[in-house]
Amino acid sequence: MQLSPRLAAVARLILPGSRVADVGTDHGHLPVWLITEGGCPFVVATDVAPGPLDAARRSAARAGGLSGVEFRLADGLGAVSPDEVDTVVIAGMGGETTLGIIERAPWLKLGAHRMILQPQSKVPELLDGLAAAGYRVDDQHLAAETGRMYTMFEVTAGVVEPPVGGLRYVNRALLERGDPLLGAYLDMLTARLGRMLRGLEQAGTEPERRAELARAIADFERWQKIPLLGGVPEGRGGRP
């Protein structure tokens, strides 16, 4: 099965041999690929609505049935047992929805599971919430699809200080490693946050929010000028 660039980037982060929960599986393309090509022996595909889950079953049927996939109607991880999976994928949802799913599964804090998160929105809120709930972002990855940029996070249990400035959007590991898409991603963030900042300045409201946006934009612009993009800011959430 041919995955979209976004899902292919998610799939590359899942280790062969992993036992996976794909939350919000939609059409089930990722579970089918993981079983047929990704070297995964078992995938639980969940969705909160029966329609997408039926579509996922049809995807599996076209691939020959796939005895390694189980389909479960569930809200988040409600129908997943912690001892049957070692990797949890939550892709294609908003950051706040993603965080809510994680918070309702406290067994993720035990440290035995990897999470691959691909939020569609509210990235800083997701990263803030993860840090506050006792999770750390180990790495960040980028993908481009139909003119849009997507970001993926590798997350495990662990205590970290809340990120500040540009680090509420871009993880240190991504900055230090670099990425062919990093410059375009920083440009996109600069433009998006710049529009938000100008709107608040015109309204004359939310001075703390304006200062936060200005600091993030300054970080993005400075990182663009650093050849190896390894100069993360000092202070809380800063230099490793």
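Q: In which helix does Ala9 lie?
A: In this predicted model, Ala9 lies in helix 1.

Q: Why is Ala9 called buried?
A: Ala9 has a relative accessible area of 5%, and the word buried applies under 20%, so Ala9 is classed as buried.

Q: Which residues does Ala9 touch, leaving aside those up to four places away in sequence?
A: Ala9 touches Ala143 and Met152.

Q: Why are helix 1 and helix 2 called oblique to each other?
A: Helix 1 (residues 5-12) and helix 2 (residues 29-36) pack at an angle of about 45 degrees, with their axes 11 Å apart. Angles under 35 degrees would count as roughly parallel, those from 65 to 115 as roughly perpendicular and those over 145 as roughly antiparallel, and the helices are therefore oblique. The handedness of their crossing is right-handed.

Q: What makes the contact of helix 1 with helix 2, and how do its residues divide by class?
A: Leu7, Val10 and Ala11 of helix 1 meet His29, Leu30 and Trp33 of helix 2.

Q: Why are helix 4 and helix 5 described as roughly parallel?
A: The axes of helix 4 and helix 5 are 8 Å apart and the packing angle is about 20 degrees; angles under 35 degrees count as roughly parallel, and the pair is therefore given that description. The crossing of helix 4 and helix 5 is right-handed.

Q: Which residues make the contact of helix 4 with helix 5?
A: Helix 4 contributes Gly95, Glu96, Thr98, Leu99 and Ile102, while helix 5 contributes Glu125, Leu126, Gly129 and Leu130. By class, this contact has four nonpolar, three polar and two charged residues.

Q: Which residues of helix 4 are buried, and what covers them?
A: The buried residues of helix 4 (residues 95-103) are Gly95, Thr98, Leu99, Gly100, Ile101 and Ile102. Their cover includes helix 5 (123-133), together with strand 1, strand 4 (87-94), strand 5 (114-121) and strand 6 (135-145).

Q: What makes helix 7 roughly antiparallel to helix 8?
A: The axes of helix 7 (residues 182-203) and helix 8 (residues 207-225) come within 9 Å and cross at roughly 155 degrees. Since angles over 145 degrees count as roughly antiparallel, helix 7 is roughly antiparallel to helix 8. The crossing of these two helices is left-handed.

Q: Which residues make the contact between helix 7 and helix 8?
A: On helix 7 they include Leu186, Leu189, Leu193 and Leu197, and on helix 8 they include Leu213, Ile217, Phe220 and Trp223. The residues of this contact divide into 12 nonpolar, four polar and five charged.

Q: How do you know where confidence in the chain is highest and where it is lowest?
A: The chain averages a pLDDT of 91, and 94% of the residues score at least 70. Confidence is highest in strand 1 (residues 19-23), at 98, and lowest in helix 3 (residues 50-62), at a mean of 89. Over residues 229-240, however, the pLDDT is below 50, and this stretch has 37 contacts in the model beyond near neighbours in sequence.

How values were computed: Residues are numbered from 1 along each chain as its sequence is written. This is a predicted model: local features need pLDDT of at least 70, side-chain atom pairs count only at pLDDT 80 or more; totals for chains, interfaces and linings use all residues. Side-chain values use heavy atoms; hydrogens and water are left out. Axes are lines fitted to C-alpha atoms, for helices over the stretch in contact, and angles run from 0 to 180 degrees between N-to-C directions. Helices (H or I, at least four residues) and strands (E, at least two) are DSSP runs, numbered from the N terminus. A crossing is left-handed if the near helix is turned anticlockwise from the far one by less than a right angle, and right-handed if clockwise. Contact means heavy atoms within 4.5 Å. Ala, Val, Leu, Ile, Met, Phe, Trp, Tyr, Cys and Pro count as nonpolar, Asp, Glu, Lys and Arg as charged, and the others, Gly among them, as polar. pLDDT is the predictor's confidence in each residue, from 0 to 100. Buried means under 20% relative accessible area, exposed over 50%, partly exposed in between (1.4 Å probe, protein chains only).
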